[in-house]
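Hi everyone, thanks for making time this morning. Please have a look at the model on the screen, and then I'll walk you through a few parts of it.

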Amino acid sequence: MCVKLIIELSSHRTHLGAIEQELRKIARVDLHLEPPSTSVGSQPLVFSISDRDAGCGCSWVTDTAAWEKRHWQFKREAIESIADAVDGALKFAKGTASFRAVWLGVDRPSPTEDEVSAKQLISEIRANRIVPSRHYRVVRNA
Ligand SMILES: [Zn+2]
């Protein structure tokens, strides 16, 4: 099992360094560039976030977490980092943005898309209610 927390922003790749610096400051997380999908804007910046020195999101989920469950079960101590990192990253979005916590591997369900405001998304993260099969599209006035 491998969990990745992926953020897509319609922002330039050249902003990655600035975003990385910001997130290491506010949430002490690492950024990893991911292959772009075509879903956001013309020049989406796609990256995943992880705990410092971890390559993926696995260290942030509990031992009993599974994608079949209704919600991801993030560790209490991870929630604040994730929420702060997503919140911080969204400030760099020039237009559209999205967030998803995906399971890498076989047999995962195709995601359903859901429009949320940045505020709603952050509060879902803080409530530990992120849905494994959901692709959260962040819109300005949802
Ligand atoms: Zn992993």
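Let's start with V61, which touches V3, W72, Q73, F74 and K75, leaving aside its neighbours within four places in sequence. By contact I mean that the C-beta atoms of two residues, placed from the backbone, lie within 7 Å. V61 sits in the loop between strand 3 and helix 2. Helices here are DSSP runs of H or I with at least four residues, strands are runs of E with at least two, and both are numbered from the N terminus.

A word on the model: it is predicted, so local features need pLDDT of at least 70 and side-chain atom pairs count only at pLDDT 80 or more, while totals for chains, interfaces and linings use all residues. Residues are numbered from 1 along each chain as its sequence is written.

Now for the core. The largest nonpolar core has 32 residues, and among those with the most contacts inside it are I7, L23, I82 and V86. Such a core is a set of buried Ala, Val, Leu, Ile, Met, Phe, Trp, Tyr and Cys residues joined through C-beta atoms within 7 Å. Elements giving two or more residues to this core include strand 1 (2-10), helix 1 (16-26), helix 2 (76-90) and helix 3 (118-126). V86 touches I7, F99, L121, I122 and I125, not counting residues up to four places away in sequence.

Next, the helices. Helix 2 and helix 3 pack at about 165°, with axes 9 Å apart. The axes are lines fitted to C-alpha atoms over the stretch in contact, and angles run from 0 to 180 degrees between N-to-C directions. The two helices are therefore roughly antiparallel, a label for angles over 145 degrees. Which residues of helix 2 and helix 3 meet? In helix 2 they are I79, I82, A83, V86, D87 and L90, and in helix 3 A118, L121, I122, I125 and R126.

Finally, the axes of helix 1 and helix 2 come within 9 Å and cross at roughly 150°. I19, E22, L23 and I26 of helix 1 make this contact with D84, A85, G88 and A89 of helix 2.

Key. A residue is buried if 20 or more other C-beta atoms lie within 10 Å of its own, exposed if 12 or fewer, and partly exposed in between; C-beta atoms are placed from the backbone. Angles under 35 degrees count as roughly parallel, over 145 as roughly antiparallel, 65 to 115 as roughly perpendicular and the rest as oblique.
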